[in-house]
Amino acid sequence: MQDNYLTITQLNKYLKYKFDEDINLRKVYLKGEISNFKAHTRGHYYFTLKDEGSRINAVMFASSTKNLKFLPQDGMKVLVTGKITVYEASGGYQIYVENMLEDGIGNLYVAFEQLKKRLEQEGLFDKTKKKKIPRIPNKIGIVTAPTGAAIRDILTTIKRRYPICETILFPALVQGRDAAPDIARKIEIANTFDIDTLIVGRGGGSIEDLWPFNEEIVARAIYNSKVPVISAVGHEVDFTIADFVADLRAPTPTAAAELAVCDINTIIDYLNNAKTRSYNAINNLIITKQTTLANLKESYILKKPSSIYEVKEQSLDLLIDRLNRSIINITEKYKIRLFKSTTSYILNNPKFLYYTKHEKLKTISTNLNKAINQIIESNKVRLFKSSNSYILNNPIMLYKFKSQTLDKLISKLEVLNPMNTLKRGYAIVKTKSKVISSVKDIKEKDILDITLKDGIIITKIEKVSENNGK
């Protein structure tokens, strides 16, 4: 009987075999709402797909998630394709999702906002990195469909406004599944050409029609372009990721052409005005120079150039006269000094200087000898007085005198000795090491130190009574 019982593993294997063999479960198409979404670190997605009445577990492996153009989130409605099988470990059946699409236009807006936010964080929309559009281009590249209103409007506008500008068309798919890679590739090809500006865009349409310009591959191609890019996608109300990445956004293809080239009539008017201003400036300059030349021709110096030298000759004569007078004055001064030197008494009688110095030296020597003798005599007198003094001849008397003086000093100290005062019945009162001389110096609760002749009494004041001199 036990042979009829199956293990759980055997049952789950059997059910898995049945699911895998069922041709109707090998490829199923489901739509529903995502819940309990979890992105594994290895790149796998785990979530639940549900509708109003039921739910099923779903797994999407990394090999399939890398092809998604959006990040799934809870509450997002999606269309999935995959196979139904049994997970043996738990015995539950689930769907292995191979492909996932957003269900409806609302999800396209979600994908648009997600990509926009991510690219903005990476700096692809940074205005400081926008390239300047050339004002007067020689060649303009256009990435759009070769047929349709967009290319026709662009070419017509450029020809009308600036017909001398050359245009190069890089035909590309602008709608459908293969459009985004094709647009990105044509932008890369356009960068290999010698062009000044590149217009990328298409005419109006639904959000699905314009979606290739919301693809990341197109956004990065525009960002990496070395040529300045003008985006021209749809109508004025349409905004795409390409508009945010481009160096300049035009509301329509026609407006893109107007922004890419200037109006030739404006240039012609500018050149005509510049020509007129240049002619007037040159004419005014010529007139000014002619007037200056005429004034020079009529000048006195040009007519009589020797007058310049006449003025200089007169100045030179004045300078020569001043120089001669200066030389004469200096020569006379030195002559007088030389005469005084040659006729001086000392120069003619050099012994006079010697005699003068000799007499002065004799006077100084005499005065010095007198001063020395006076000092010697003074010291002799002082020595004599000292040798004949009473104290020197009677040193015992000096001792007695000093002894009497010392006794007097000791007597005075004994009188002033505070210990002798204490022996007579007096006391010294202190509080906090401060001697008290008046009742006003103490207050109740103070601790007093009373020093007597044979010891110290410590007491506490309970009450203070002042006599006030009565």
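## The chain as a whole

Of the 470 residues in the chain, 27% are buried, where buried means under 20% relative accessible area, exposed over 50% and partly exposed in between, with a 1.4 Å probe and protein chains only. This is a predicted model, in which local features need pLDDT of at least 70 and side-chain atom pairs count only at pLDDT 80 or more, while totals for chains, interfaces and linings use all residues. Residues are numbered from 1 along each chain as its sequence is written, and side-chain values use heavy atoms, with hydrogens and water left out.

The secondary structure comes to 17 helices and 14 strands, which are DSSP runs (H or I of at least four residues for helices, E of at least two for strands) numbered from the N terminus.

## Helix 4 and helix 9

Helix 4 (residues 149-161) packs with helix 9 (residues 253-260) at an angle of about 30°, and their axes lie 8 Å apart; the axes are lines fitted to C-alpha atoms over the stretch in contact, and angles run from 0 to 180 degrees between N-to-C directions. The two helices are therefore roughly parallel to each other, a term for angles under 35 degrees.

Helix 4 contributes Ala150, Asp153, Ile154, Thr157, Ile158, Arg160 and Arg161 to the contact, and helix 9 contributes Pro253, Thr254, Ala257 and Glu258, with contact meaning heavy atoms within 4.5 Å.

## Ser35 in strand 1

Ser35 is placed in strand 1 (residues 28-39), and because its relative accessibility is 10%, Ser35 counts as buried. Leaving aside residues up to four places away in sequence, Ser35 touches Phe47, Thr48, Lys50, Arg55 and Asp74.

Conventions. Angles under 35 degrees count as roughly parallel, over 145 as roughly antiparallel, 65 to 115 as roughly perpendicular and the rest as oblique.
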